[in-house]
Amino acid sequence: SFVWGPIGSGLSADPAQTLDKLYARFVSRYDEKTKANRDDAAVWKPVRDLLVERQIEDRLQAITIRSPLDHVEFDHAWKNGAWHCYQPLSFDLLSGESIRDKASKWAGQLLALENASEAFQPHFVVGAPSNPRLYDDYTKALAILQLGPGNPEVIEEGEISALVDRIEVEIKDHEAAH
């Protein structure tokens with residue numbers, strides 16, 4: 001413990017409330033905020049809406065990709081020789097460091113899945129930060145994701161319609177062939 005001034009004492013009618021106030025005053029106000037303004041589900045919603053509109057949303061399913069080192073669950077995947085795994089990522093965070101850390105985490109997860117038991121192709125659907133000052137960090141995050149093993153595809157929100165067009169064609173071609 002550090003003491004920056006004279007030690008004091010006092011009385012409180014509600015020690016728990018007093019402790020919470022002191023903690024907020026001296027500790028938590030300095031915590032870095034990493035909470036997303038939009039979460040991953042919000043980034044996926046326009047994709048889901050288009051998939052539902054085209055009546056192909058039910059073709060995607062949750063899958064767990066396993067390797068000797070780790071396993072990762074993808075909520076949106078379909079199989080055409082290899083699993084096509086779609087992962088929404090919101091980079092609408094409050095700091096550049098949080099943005100880069102999230103991308104690094106996913107690149108690391110791909111590295112841990114490099115020797116996965118099943119072939120898979122990762123696709124990241126990414127949401128940009130709402131704060132324009134964080135665009136440099138966002139650009140770096142996209143580059144970090146693309147460095148991951150497995151040749152991951154990064155799809156920005158403006159490309160969602162083209163992505164769903166491609167998914168629809170691939171699913172229909174696959175179903176016609178089988």
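A residue is called buried when its relative accessible area is under 20%, exposed when it is over 50%, and partly exposed in between (1.4 Å probe, protein chains only). At 29% relative accessibility, arginine 100 therefore counts as partly exposed. The model is predicted, so to speak of local features a pLDDT of at least 70 is needed, side-chain atom pairs count only at pLDDT 80 or more, and totals for chains, interfaces and linings use all residues. Residues are numbered from 1 along each chain as its sequence is written, and side-chain values use heavy atoms, with hydrogens and water left out.

- Helices (H or I, at least four residues) and strands (E, at least two) are DSSP runs, numbered from the N terminus.
- Two strands pair if DSSP finds at least two bridges between them; strand β2 (residues 71-80) pairs with β3 in the antiparallel sense over 5 bridges.
- Within this pairing, tryptophan 78 stands opposite histidine 84 of β3.
- A hairpin is formed by β2 and β3 with 1 residue between them, and glycine 81 in the turn has a positive phi of about 85°.
- Strand β4 (residues 120-127) runs parallel to β3, and 8 bridges join them.
- Phenylalanine 124 in β4 is the bridge partner of glutamine 87.

**Around helix α3**

- Together, β3, helix α3 (residues 96-112) and β4 make a right-handed β-α-β unit; right-handed means that, with the strands pointing away from the viewer, the path from the first strand over the helix to the second runs clockwise.
- Arginine 100 has its place in helix α3.
- From C-alpha to C-alpha, arginine 100 and isoleucine 144 are 7.8 Å apart in space, although 44 residues separate them in sequence.

**Helix α1, out in the open**

- Helix α1 (residues 15-26) has 12 residues and reaches 16 Å from its first C-alpha to its last, close to the 16 Å expected at 1.5 Å a residue; the expected span is 1.5 Å times one less than the number of residues.
- The number of buried residues among the 12 of α1 is 0, so this helix lies largely in the open.
- Phenylalanine 26 is found in helix α1.

**Leucine 69, a loop residue**

- Leucine 69 sits in the loop between β1 (61-66) and β2.
- Leucine 69 counts as exposed because its relative accessibility is 71%.
- Leucine 69 and alanine 112 lie 43 residues apart in sequence, and their C-alpha atoms are 5.8 Å apart in space.
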